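Me: I would like to go through this model before setting up any calculations. Could you show it and take my questions one at a time?

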Amino acid sequence: MTARSTRRTTAAHSRTAAVGAIAVAGALLLTGCGDQTEKKGSSGEGEGTGSVSAAPLAEKLPSAIRDKGVIKVGSDIAYAPVEFKDGSGDTVGIDPDLADAMGKQLGVRFEFENGTFDTLITGLRSGRYDIAMSAMTDTKDRQEGIDSDTGKKVGEGVDFVDYFTAGVSIYTKKGDDQGIKGWSDLCGKKVVLQRGTVSEDLAKEQAEKCPKGKKLSIEAFDNDQQAQTRLRAGGADAGSADFPVAAYSVKTSGGGKDFELVGEQVEAAPYGIAVGKDNTELRDALKAAMDAIIKNGEYKKVLDKWGVAEGAVTEATINGGK
C-alpha cells in the first residue's frame, strides 16, 4: 500500500513496468506463503520448510520466535497484487510469496493477520505482530515515530528491511481521463485513495497549491478497493495508488475495461518490512533471509510471477528510506 505514508513517501522517477505481465500473473493466483505455508509437524520437521534446525538461517532468529516457529505479520490484505485474498479466501500476492521464500531460509512460517493499514504500526508496537509487511514505504518519519501530518513525535519509530521499490500513479475511468496527466491537473476535481498512504500525502500537498476556485477534493477510504468502487461508480474523477496496485487494477477491474493509467509514476521509494526498534536480532535475520532469496533466484521468480520486476533491488537495505 504506497505511502502507504504511513506510503505506502518521494524525487520523482518515472518507470514503465510490464503491466501486461501483472494481469497474467494475477490469473495464476498461486497460494504463496504467509498463512499459506505449511506448519511444522509434531516432530519439529517442517512439511514445507524443513525443520527449524535444518534451515540455513534459523540460528539468526531470536530464540523465542525460533521456538514458536512462527512470525506474526500485520498486513492490510486488500492491496492486490502485493497482498490480497484470492477467490478461495487464501492470502496471496508479492509479499506472501516473498515471506514464504524467506520462511524456508529461516525455518518458520510467516502468519499473515489482516488489519487496516493505518493501524499496523500501532499493532507492531503493542506486540500484536512481530513485523508489518504490507507494501509499506520506508520513510524517515516512520523510522523516527513522527506523524507526517503534524510533525509531532507519536512513538519510538520502527526499523525497516527494504526489499522493493515503487512509485505512485494516478488512474481514471477508462476513456474519461478529463485531461488529467499529472497531479496539477487534479485541481478542481475529486480524487479517491486509501487513507494513510503516500497518495494521500501527495494529494494534500497538491491541494495546497491549487488556485482559488479550483479546489482539489480528497476522499480517503480504509482500503484501496473502496476507493476503486467509488471511482467506478462515477463518484470521483480520479484515483491514486502505488504503481503496482494501480497497474493491477487497470488490467483486471472489469476485465480491463474500468480504468486507465494517466501520467507518469512519481515518488519512487522503498517498500520495507517494519520491525520494532528493540528487535534488531529479528530485523537482521529478515535482512539475511531476503538477501539469501535474492541471491538464490527465488526473489526474481516472485517478482516475475507478479509482473513487477522493475521494482527489484539487488540487496536488502536497513532504513534506506528518505
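**Helix α8 and onward**

Reply: The buried residues of helix α8 are Phe243, Pro244, Val245, Ala246, Ala247, Tyr248, Ser249 and Val250. Here buried means under 20% relative accessible area, exposed means over 50%, and partly exposed lies in between (1.4 Å probe, protein chains only). Helices (H or I, at least four residues) and strands (E, at least two) are DSSP runs, numbered from the N terminus.

Me: What kind of model is this, and how are residues numbered?

Reply: This is a predicted model, in which local features need pLDDT of at least 70 and side-chain atom pairs count only at pLDDT 80 or more, while totals for chains, interfaces and linings use all residues. Residues are numbered from 1 along each chain as its sequence is written, and side-chain values use heavy atoms, with hydrogens and water left out.

Me: How many of the residues of α8 are buried?

Reply: Eight of the 10 residues of α8 (residues 243-252) are buried, so the helix is mostly covered. Just after α8, glycine 254 takes a positive phi of about 60°.

Me: And the protein overall, how many helices and strands?

Reply: The protein has 10 helices and 11 strands. Of its 322 residues, 56% count as buried. The accessible surface comes to about 13000 Å², and 47% of that belongs to carbon and sulfur atoms. These areas come from the Shrake-Rupley method with a 1.4 Å probe; for residues, only the protein chains shown count as cover.

Me: Changing topic: which residues other than glycine have a positive phi?

Reply: Glutamate 267 is one of them, with phi near 60°. Asparagine 319 is another, with a positive phi of about 55°. Most residues other than glycine have a negative phi, and most peptide bonds are trans.

Me: On to electrostatics. How many salt bridges are there?

Reply: The count comes to 18 salt bridges, a salt bridge being a side-chain nitrogen of Lys or Arg within 4 Å of a carboxyl oxygen of Asp or Glu. Side chains of opposite charge can pair when their charged atoms come close.

Me: Which residue does aspartate 159 pair with?

Reply: The partner of aspartate 159 is lysine 277, at 2.8 Å from N to O. Aspartate 159 is buried, at 4% relative accessibility, whereas lysine 277 is partly exposed at 32%.

Me: What about arginine 283, buried or exposed?

Reply: Arginine 283 is buried, with a relative accessible area of 15%. This arginine is found in helix α9 (residues 280-296). Leaving out residues up to four places away in sequence, arginine 283 touches Asp159, Val161, Val275 and Ile318, where contact means heavy atoms within 4.5 Å.

Me: Which residue does arginine 283 form a salt bridge with?

Reply: Arginine 283 forms a salt bridge with aspartate 284, the closest N and O atoms being 2.9 Å apart. Salt bridges that share partners join Asp159, Lys277, Arg283 and Asp284 into one network. Aspartate 284 is partly exposed, at 36% relative accessibility.

Me: Which residue meets glutamate 200 in a salt bridge?

Reply: Lysine 204 does, at 3.8 Å from N to O. Both residues lie in helix α6 (residues 198-209), four residues apart, about one turn of the helix. An α-helix has 3.6 residues a turn, so residues three or four places apart point the same way. Glutamate 200 is buried, with a relative accessible area of 11%, and lysine 204 is partly exposed at 32%.

Me: Last topic: at what angle do α3 and α9 cross?

Reply: The axes of α3 (residues 94-106) and α9 cross at roughly 105° and come within 9 Å. Axes are lines fitted to C-alpha atoms, for helices over the stretch in contact, and angles run from 0 to 180 degrees between N-to-C directions. The two helices are therefore roughly perpendicular; angles under 35 degrees count as roughly parallel, over 145 as roughly antiparallel, 65 to 115 as roughly perpendicular and the rest as oblique.

Me: Which residues make the contact?

Reply: From α3 they are Leu98, Ala101, Met102, Gln105 and Leu106, and from α9 they are Ala285, Leu286, Ala289, Met290, Ala292, Ile293 and Asn296. They divide into 10 nonpolar, two polar and no charged. Ala, Val, Leu, Ile, Met, Phe, Trp, Tyr, Cys and Pro count as nonpolar, Asp, Glu, Lys and Arg as charged, and the others, Gly among them, as polar.
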